[in-house]
Amino acid sequence: MHDVSDLWKEIVSGDYETETTLVISDDAVSDGIPMNQIHYIKTNRRLFEGDTPSIGSCVAGEIEAKLFLPESGIPRNARLRIYVRVYPKGKPKEHSEWLRKGVYWVDHRKLKKLTNGNTIITLSGYDAMLRGEEDFDWSVLKKWPALDINVVKKIAQQMSVSLDPRTEEIITNGYEINLPDGYSCREILCGIAAMYGGNFIMSDLGQLLLVQMNNVPRDSVVLIDETGVPILFGGEPIIV
């Protein structure tokens with residue numbers, strides 16, 4: 001969920017281009033890897049597991065990126081954040097603000113030395129949903145059965161992520177969850193997602209988001225701009 005500036009809206013109302021950067025670990029977006037150093041970025045953020053639409057799932061997002069290895073290197077298990085901004089066609093200095101388009105962690109990396117001395121690194125990884133595989137620490141709530149929203153908030157804390165505000169707007173029925181001893185965070189979230197006819201994913205900002213199948217947020221489906229047009233990278237749409 002993004003609040004964009006008037007400048008962003010003004011730019012996308014006409015002919016415009018996009019710029020993408022990849023920010024490593026705790027670097028500022030201004031220190032991100034520029035687009036001319038990136039061969040490609042592919043992300044896969046599905047709303048459901050498998051090829052058939054379903055509910056009651058927690059779906060992890062994936063990333064693959066190929067780029068020139070920066071002089072500072074890329075740490076193992078580094079955090080990867082994708083940012084996109086827009087500018088009037090042919091006027092890159094008149095750009096908008098950066099918008100975050102996903103948060104991931106490196107799982108695998110592959111290096112390839114080129115004959116000119118440069119090194120290409122290929123990175124693959126996942127978003128924070130994989131942290132849900134840990135057993136839920138039910139002792140953080142003193143009273144059971146517990147309200148569904150309180151359980152979700154505690155799970156988000158255990159996963160070290162924040163809760164997307166849209167999730168709190170959805171989980172309002174006040175279902176009571178019985179003591180889930182021996183269950184993982186993911187298993188509990190799947191059950192709560194099923195109660196609300198949806199699935200949990202990680203949002204563009206890296207927040208825990210419940211998506212109902214009858215009310216799918218636009219930014220949880222494909223990487224598009226504010227006009228609904230796919231964002232291009234090197235002339236091709238970014239795959240999500």
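Author: K101 and D204 are both buried. The model discussed here is a predicted one. The side chains of K101 and D204 meet in a salt bridge, with 3.2 Å from N to O. K101 belongs to strand β5 (residues 99–113) and D204 to the loop between β9 and β10, so this pair ties together parts that are 103 residues apart in sequence.

The salt bridge between the side chains of D204 and R45 has an N to O distance of 2.5 Å. Since D204 is in the loop between β9 (198–202) and β10 (208–212), and R45 is in the loop between β2 and β3, the pair ties together parts that are 159 residues apart in sequence.

How buried is each member of this second pair? D204 has a relative accessible area of 1% and is therefore buried, the cut-off being under 20%. R45 has a relative accessible area of 11%, so R45 counts as buried by that cut-off too.

Besides its polar contact of 2.5 Å with the side chain of D204, the side chain of R45 reaches the backbone oxygen of M202 at 3.3 Å.

For comparison, one may turn to another pair. In the whole structure, a search finds eight salt bridges. One of them joins the side chains of K153 and E168, at 3.5 Å from N to O. K153 lies in helix α2 (residues 148–158) and E168 in helix α3 (residues 165–170), so this pair ties together parts that are 15 residues apart in sequence. K153 counts as partly exposed because its relative accessibility is 34%, which lies between the cut-offs of 20% and 50%. E168, with a relative accessibility of 37%, is likewise partly exposed.

How values were computed: Residues numbered from 1 in each chain as written. Predicted model: local features only at pLDDT ≥ 70, side-chain atom pairs only at ≥ 80, totals over all residues. Heavy atoms only, no water. Buried < 20%, exposed > 50% of the residue type's maximum accessible area, 1.4 Å probe, protein only. Polar contact = N/O pair within 3.5 Å; in protein donor to acceptor, adjacent residues only side chain to side chain. Salt bridge = Lys/Arg side-chain N within 4 Å of Asp/Glu carboxyl O. Helix = DSSP H or I, 4+ residues; strand = E, 2+ residues; numbered from the N terminus.
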